[in-house]
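User: I would like to learn how to read charges, contacts and surface patches in a protein model. Can you take me through them one at a time?

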Amino acid sequence: MRSPPLLLGAALLFWGWQSGVLFLAAGMALILEGSRLIRFRLNPSPSDFSRIADLCGIGLLVLFIYFYASKGSTRAILGLLQWLPLVCFPLLAAQVYSTLEKMDMAALFWTLRRKRKEKPLEQRRSIDITFPYLALSILSASAANVRTPWFYAGVFSLAAWALWHVRSRGFSPVFWITLSVFAGIAGYAGHVGLHHLQGALESKATEWFTEFMRKDPDPYRVTTAIGDVGSLKLSDRILFRVVPQPGLNSPLLLREACYNLYRSSSWFALHSEFRKVEPEPDGTTWKISAAADSAKTLRVSEYLRQGKGVLKLPGGAFEIAELPVLKMVKNPFGAVKVQEGPGLITYQIRFNPHISSDSPPGETDLVISESERAFISPIAWDLQITSMPPQEVLKKIYSFFQVKFKYSLVLNSPGQTANPLESFLVTSREGHCEYFATATVLLLRSVGIPARYATGYSVQERSGMENGFIVRTRHAHAWALVHIEGAWRDFDTTPSSWFSAEEKSSSPLKPVYDLWSFLTFKFSRWHWNEGREGASMKYLVWFLIPLILLLARRFFAGSLVRNPGRVKKEILKVESRAGADSEFYLIEKRLLQWGYERYPWETMATWIERIKMDAMHIEPLLRIHYRYRFDPKGITATEKEILKTGVQTLLEDISHPLERPGENSAGTGSLVGKP
Amino acid sequence: MARRLLYLSFRSVDTVKQWLARRFTKAGLLVLGGLAASAVVGLDTNQTTAYQIFTFLFALLLLSIASCIFVRGRYEAHRKLPRFGTVLEPLTYRIVVQNKAPKRQTGLLLLENLEDRLPSFNEFLKTPEPLERARNPFDRVIGYHRWLWLTSRKLGAGLSEQPLPVLPPGGEMEAPVEILPLKRGPLRLGSLTIARPDPFGLYKSFVTIPTSGSILVLPKRYPLPPIQLPGTRRHQPGGVALASSVGDSEEFLSVRDYRPGDPLRKIHWKNWAKAGRPIVKEYQDEFFVRHALILDTFQHTGQTEIFEEAVSIAASFVSTIQTQESLLDLMFVGTEAYCFTSGRGLAHTDRMLEILASVRPCTDKPFSTLHPLVMERTSLLSGCVCVLLAWDEERKTLIRHLKGVGVPLLVLVVAEDKAPEPPDSAESPLEADDIHRLHIGKIKEGLAEL
């Protein structure tokens, strides 16, 4: 099957065009297609083909070594693939200019060559490599990775050209063309979808991996993304659920940890040793600071990893109730860690935002390194906050960030300035919450107001499925803690546009994911709060009722199937009684009494014959008994009477132990009747 | 358990291979290969654009297969089979196909289905490959070579797709089908499949017609030179029709092409000069001699090639001796004796060839069981052709005894190509002239030298 004219040349030109070697490919195409015009032919022997194949093999190896040395392993394979049409060209050229226009198959396979040596007379198999070469040219063109629509158009055209040549003649050309166009469109839609699918999968896999590697926040140190380049992508995964008391406004900041020293894009918590907190007598209430007169409440449900976790607490939290853990520790900066708890905890927090149990400000809460002071101080000076009262300073700084800065998840290069924070404050003026929080803390410190860096979550998204809020991974937040009026207060300067910016990055599959998360959460609540979760149990009952009904139906249906057999058996049992009252059984009973055992496999007739009972004219009685027993018509009353009388007579004859001449073993002797 | 797993995996791979080869056209297989290659190369859609080739080929194949589901025909077909075929000789028979659909059908292909194509688990377990001992331990444990050998042995015939003529609506056509029988014995043909390629010519839709048929494939036969067995006159119970006499006529019969082993004196020099290739003269035999044939089937080593050649040699004698005005009507095959005393007609030749077509090696009994069977009938023998699988003491004893009772013998021992010559000539009274060793691969030449 030779390829149609010019197809091979076109495929080579396509390869050359994609790979950037159009002139080389044109030359090769000319040589191949020229074979149709030139009558000159060679007569290569099979061994000549083998030599050419070996030559191509050596070329392949040399090229691979070259690519491997210059590009590395992955690129070497792709590079090699891209040049395969050139490497295999001598083989194809030899074929098209040979008299047979085919080549010996053994040239391509070492095993065949070896076999040929063993059996030289065996018939040789030839192969035409034009179509495989055509496929190779197209595949090699793909390795050039030229991502224009022309590539697909080229593939489609060449394939359609080749397929037209081998089409089934039983169908009309119009039908064929329609089907080809349809295949082309389907292939196009498929490859666009496939490419997007890979992108989505890659992103999801990264997310899963990040999630898998996620650890609870380190209360001693946090490394920010300040100075990183790229874009921040956080997932829609729901981390915990919050039900605040009615009237509590969002956004609410729930803190996990707090830090007091900034060095090279990282925050550290100095002097933050954890101390054990003892529970109240009920075992589930924990007082983490002195109680306040007025309090607000909040209920948080979160998962614990292997029973451990860091609690999410609002500023001024003083009591945590309904927390079923065995151990709790707290550091002076308000971070609370729990251990040995269940998989899911739901705890109630009582808090007063106007008080604070964190350690009072120290010297570290005012520290700014010299490198940061160099650009922070001029800004503070420009803002004219150096001699303002603290409340005014806060207002000024807040409006500074709200007005002159923009929230962005894109992490830009710091540019010429070495310090990314400087770049944020002076040049770009856009960044994410870590920039805002860090800059705020440092600005406050520069004017002598103690400040700390807090990390946690912003509670802002109301759940559509329950009365409460859901907090996702992308709601992770950082803000400043400022010490004014004798207490530490939350001070969040990140522009409020961050809510919408974060929302934009959410996945279109979010509703599905949220539903799944909600169901999992409900199940987990039931699982971890069994016996205490009345509402869940109620739902569970509703869920179980159809399940039980289904099982019952299956069970019942099963018994319906089995019932006919049982009924049939019973009927048979009843039927088996037919003739069971036959008097003949009395004879059997009597004979058994005298030791004439009947074997289980023996019929009555064979038994009678074995024990020589037939001498006593028992056969007519046995015949009537059989008919009574098995004949569907049964026996007449007369016959029954005969049976009865006959049996009576016979029973009288054998009313005493019978003589068993010559035999001692039971059931094997012969019955000779009454002496 | 491991063996069964291996067997199942070989079997499933074979089935998949067979399915691919039957269902896909050559172009379809190339597209399938392209699909696999583009899947590997295009695994990362950012590195190459091969994934675009993959999706296009995938769509193409899906459409091909889908179009086959909707385009089907209705047919009826039956075979017109001959009774016999011969191993490795193309056999042509006819198949009548009727189009039951109200539509003209073109481009149809016909495929034969063989029954019992793959070896059973028991066969795989218990039938070692002839040269298995020489294989390395890994090959012996895995048994792939054994599987290949068994499948090639089980394969009854080489089949190829046969194009069918255009079938008019409701019309009936007769198409010739050529197959190549690969082994002797009954060749069971199963259902017939009528295939129709899809519009792209990649995938075939199948309509299978349940039918069955059988052909008896006779062993391969070699041309034999006139056999000169010194016969003795004996009382023939069949009367004059079976009377035996010995002799050769010098009456010129014809000329034919030279075959390796033809004596030089038979070359017709003038005809060679005319034809440009060696030509020899053939002479007519005038008398016939009554021969018996002993085919040795006692083999323990499982060397099928030797056994098959022996059967072929025996079949050559059965089919040739009759035509040479000789008579061969007594045959010892394995532990059985077959006697055909129906006269000089050729009817019993078919029967004898049928027996030879179905003969299997006897692995559970020794050669000595043949001894009394032959000796009982020595009175009937006026000449005897023995085809032996080995030349050991047991066989020598039989030959010695036959010689002892004066039966003229032609002993043919089939041996491997490089087997050494028998070292018996010095001590045994057997005449070396009567014992011929025929080597695998050179049987034809060996027979011509007789």
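User: How many salt bridges does the count come to over all chains?

Analyst: Start with the general idea. Side chains of opposite charge can pair when their charged atoms come close. Now the case here, which is a predicted model. The count over all chains comes to 34 salt bridges. One pair is Glu112(B) with Arg79(B), at 2.6 Å from N to O. This pair links distant parts of the chain. Glu112(B) sits in strand E4 (residues 109-114) of chain B, and Arg79(B) in strand E1 (residues 75-80) of chain B. They are 33 residues apart.

User: What area do chain A and chain B bury between them?

Analyst: The size of an interface is often given as the accessible area lost when the parts come together. Chain A and chain B bury about 3,000 Å² between them. Of that, 71% is on carbon and sulfur atoms. The contact takes 38 residues from chain A and 31 residues from chain B. Salt bridges between chain A and chain B: zero.

User: Which residues form the nonpolar patch on the surface?

Analyst: Leu61(A), Phe64(A), Ile65(A), Tyr68(A) and Ile77(A). Together they have about 510 Å² of accessible area. Helix H3 (residues 46-71) of chain A gives the largest share, four residues. Ile65(A) lies in helix H3 of chain A.

User: Which residues gather in a patch of positive charge?

Analyst: On the surface, that patch brings together Arg153(B), Lys183(B), Arg188(B) and Arg360(B). Arg360(B) is in a loop of chain B, between helix H9 (347-358) and helix H10 (370-376).

Conventions
Residues numbered from 1 in each chain as written. Chains lettered and ligands numbered in written order. Predicted model: local features only at pLDDT ≥ 70, side-chain atom pairs only at ≥ 80, totals over all residues. Heavy atoms only, no water. Patch = residues over 30% accessible without salt bridge, like charges linked within 9 Å, V, L, I, M, F, W, Y side chains within 5 Å. Areas by Shrake-Rupley, 256 points an atom, 1.4 Å probe, with all protein chains shown as cover. Salt bridge = Lys/Arg side-chain N within 4 Å of Asp/Glu carboxyl O. Lys, Arg positive; Asp, Glu negative; His and termini not counted. Charge placed at Lys NZ, Arg CZ, Asp CG, Glu CD. Helix = DSSP H or I, 4+ residues; strand = E, 2+ residues; numbered from the N terminus. Contact = heavy atoms within 4.5 Å. Buried area = accessible area lost by both parts, 1.4 Å probe.
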